[in-house]
Amino acid sequence: MIRFLKLYEKFGIFIFIFAGAVFLAFASPNFLKLDTILNIIAQGSYAAVVGYGMTMAVTSGGFDLSVESVMALTSVFLSILIPVIGIPLAIIVSLMVATSAGVVNGLIISKLKVNPLITTLGMSTIVKGIALLVAGGKMIVILQKQFMSIGTGKLLGIPNPIYVMVIFFAIFYLVVYRSSFGRHVAAVGSNESAVKISGVNVDAVKIGVYALVALTAGLASVVRTSQALIGMPSMAAGFVLVVLTVTILGGTSLTGGRANLWGTLLAALFVSMIYYGLNLLNLQIFYQMLAVGTVLMLALFIEGLRLRYLKAAKAKGIKV
Amino acid sequence: MVWAANRWENFGLPFLVAILLLVFSLLSSPFRSSYSLVSNLSFSSLVGIGSIGMVFCIMSGDFDISIGSMSALAGVLGASMVTRIGSPAAMLLTIALASLFGFVNGVFVTKLRIPAFITTLGMQFVYRALAYIYTTNTPVYIEDKLWLSIGSGSVLGIPFPILLMALCFAAALYVLRKTPFGRYVIAVGTNKNAAMLSGINVDFVKMAVFTLVGFFVGIATVVTASYLGSVNPGQTGQGYEFRVITIVVLGGTALTGGNGNLLGAFFAALFITYMETGLGMLQVNSYWQYVATGFVLIFAVGINRVKSAVLGQRDT
């Protein structure tokens with residue numbers, strides 16, 4: 001069983017994707033076309049990008065429920081700033097606004113020692129309120145059509161969101177696995193007090209993590225806002241579930257300390273495949289919620305099994 | 001300092017509620033009418049009753065953030081049955097279904113051994129989606145007189161929701177203080193392993209606690225549905241978990257478990273309800289209310305931490 005679970009941790013998500021692909025290939029004649037596949041990958045890019053940030057947060061032993069509010073806030077700022085200061089500057093400023101929301105999360109969690117659930121739940125409401133206030137409760141149409149090219153354009157036949165997904169995967173891969181910051185994040189997740197004693201600035205690590213989560217949410221929001229050309233104060237309702245599902249399904253352990261960035265990326269693509277399949281069946285959007293919720297419960301079930309067997313193995317003295 | 005912290009534990013919230021009432025009464029004349037004060041007290045039962053189960057849940061060391069969706073699903077299922085089984089049975093069905101959903105949460109939490117907030121986050125979306133699918137996203141209207149009278153009726157001049165809330169709090173206080181179950185909940189929340197070693201069936205206690213959460217949410221759903229005359233699969237219970245958790249934490253229940261405060265939750269429910277309607281009557285932009293409640297939640301945790309630090313208890 002332990003061997004199976006270890007294998008699952010590494011390759012489980014491939015099985016999901018493979019099974020999904022086989023099913024879709026039979027269900028739809030259009031599935032095996034390049035355009036369809038690129039489209040599915042592009043649709044999965046949002047969950048993947050925010051998933052990178054969430055993977056870091058879960059690795060550090062926390063998590064962030066405020067991502068969808070941060071996305072909404074970024075979207076609103078983009079739509080207001082673009083006519084005033086131009087597209088590039090507006091993107092930079094909006095991303096800074098998003099990141100600062102994350103810094104506030106981090107400050108409350110690390111300095112005030114409020115637990116991440118309460119902090120990000122509270123911040124989620126505050127940030128959403130601010131987004132609605134700034135936008136006056138309305139959607140704001142962006143008139144600058146060139147902005148649209150970010151989310152809908154293609155380079156060498158590949159949609160831009162895929163580039164965003166791949167580039168940030170590379171960056172986060174380096175941060176998580178190759179930088180001292182990444183190692184500190186994992187260390188904080190597995191044993192915070194030990195890390196503190198060994199001289200790492202735990203508070204700074206946590207603030208950095210939540211800033212990064214908010215930054216990824218901001219990035220996803222830039223791409224989405226550009227596709228819709230509308231600043232949406234109520235953007236992405238329920239998106240946090242997708243992001244957490246992707247992170248946990250990808251094999252990042254809820255107990256902290258172990259990131260699985262590849263898993264996050266692939267799980268995002270898997271969820272996107274589910275959406276595509278549900279669209280094929282012409283099911284309403286509510287079934288997407290149901291499907292993602294069910295997948296999350298399934299991923300939790302497997303995670304629960306894993307933890308239980310790991311504990312049993314440790315009790316018996318088997319090396320894992 | 002210790003004196004202040006002790007006084008805060010007992011009198012802090014009633015004091016805050018009094019100040020809030022005073023300030024809003026001075027600022028807004030509609031607010032200080034006795035009609036508005038009493039009707040807001042009845043409104044506070046919506047969150048007040050719902051927070052009772054959550055006090056037990058947080059005391060036992062867990063969270064349930066699926067209660068909003070649970071309320072919507074139990075509500076649409078119950079309300080749609082009124083014409084078929086009559087309203088008393090439909091109301092009981094709503095409460096029974098909510099308890100069942102709570103029980104399901106409890107089974108997942110105890111058997112999977114996954115932190116409850118994430119299990120219930122998943123269930124939050126499952127319940128909400130089922131509510132949408134069952135109704136194909138149309139509200140279920142309640143035309144039954146008996147059900148509608150729950151919110152508007154009164155006994156001896158006291159509105160029925162207030163009586164119901166008082167009854168629920170009294171029963172919960174009794175269970176918490178006078179029954180073995182109440183002590184088991186405290187024991188599980190304080191130290192799970194110690195509770196297990198001393199022969200308490202921890203899984204059973206947790207499942208019972210989650211069922212209780214559902215039970216009280218079910219009662220609150222019946223009252224809410226009666227006020228609104230309908231249950232909406234999308235709107236009912238939206239943000240409910242957030243408000244209820246805010247109330248429980250503001251009421252002084254420690255997030256680490258083991259330390260619950262039911263009366264505090266009652267006063268916190270008053271505080272939140274009066275704050276929301278007060279801001280509404282002053283015609284403050286309703287979006288400020290999001291910001292305000294968010295701050296109240298984080299402030300409440302901060303206050304609890306300061307209090308525990310002074311009194312030397314463990315917290316968060």
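Guide: A residue is called buried here if 20 or more other C-beta atoms lie within 10 Å of its own, with C-beta atoms placed from the backbone. By that criterion, in this predicted model, buried residues make up 52% of the 320 residues in chain A. The secondary structure of chain A consists of 13 helices and four strands, and its C-alpha atoms occupy a box of roughly 65 × 55 × 35 Å along the principal axes. For 320 residues a compact globule would have a radius of gyration near 20 Å, and the 20 Å of chain A therefore agrees with that expectation. Of the contacts in chain A with a separation of 6 or more, 80% join residues 24 or more positions apart.

The part to look at closely lies in chain B, where the axes of helix α2 (residues 34-59) and helix α8 (residues 160-178) come within 8 Å and cross at roughly 25°. Because angles under 35 degrees count as roughly parallel, α2(B) and α8(B) are roughly parallel to each other, and their crossing is left-handed. On the side of α2(B), the contact is made by B:Leu41, B:Ser42, B:Ser45, B:Gly48, B:Ile49 and B:Ile52, while α8(B) contributes B:Pro161, B:Ile162, B:Leu164, B:Met165, B:Cys168, B:Phe169 and B:Ala172.

Key. Residues are numbered from 1 along each chain as its sequence is written. Chains are lettered from A and ligands numbered from 1 in the order in which they are written. This is a predicted model: local features need pLDDT of at least 70, side-chain atom pairs count only at pLDDT 80 or more; totals for chains, interfaces and linings use all residues. Axes are lines fitted to C-alpha atoms, for helices over the stretch in contact, and angles run from 0 to 180 degrees between N-to-C directions. Helices (H or I, at least four residues) and strands (E, at least two) are DSSP runs, numbered from the N terminus. Angles under 35 degrees count as roughly parallel, over 145 as roughly antiparallel, 65 to 115 as roughly perpendicular and the rest as oblique. A crossing is left-handed if the near helix is turned anticlockwise from the far one by less than a right angle, and right-handed if clockwise. Two residues are in contact if their C-beta atoms, placed from the backbone, lie within 7 Å. The radius of gyration is taken over C-alpha atoms; the globule rule is 2.2 Å times the number of residues to the power 0.38. A residue is buried if 20 or more other C-beta atoms lie within 10 Å of its own, exposed if 12 or fewer, and partly exposed in between; C-beta atoms are placed from the backbone.
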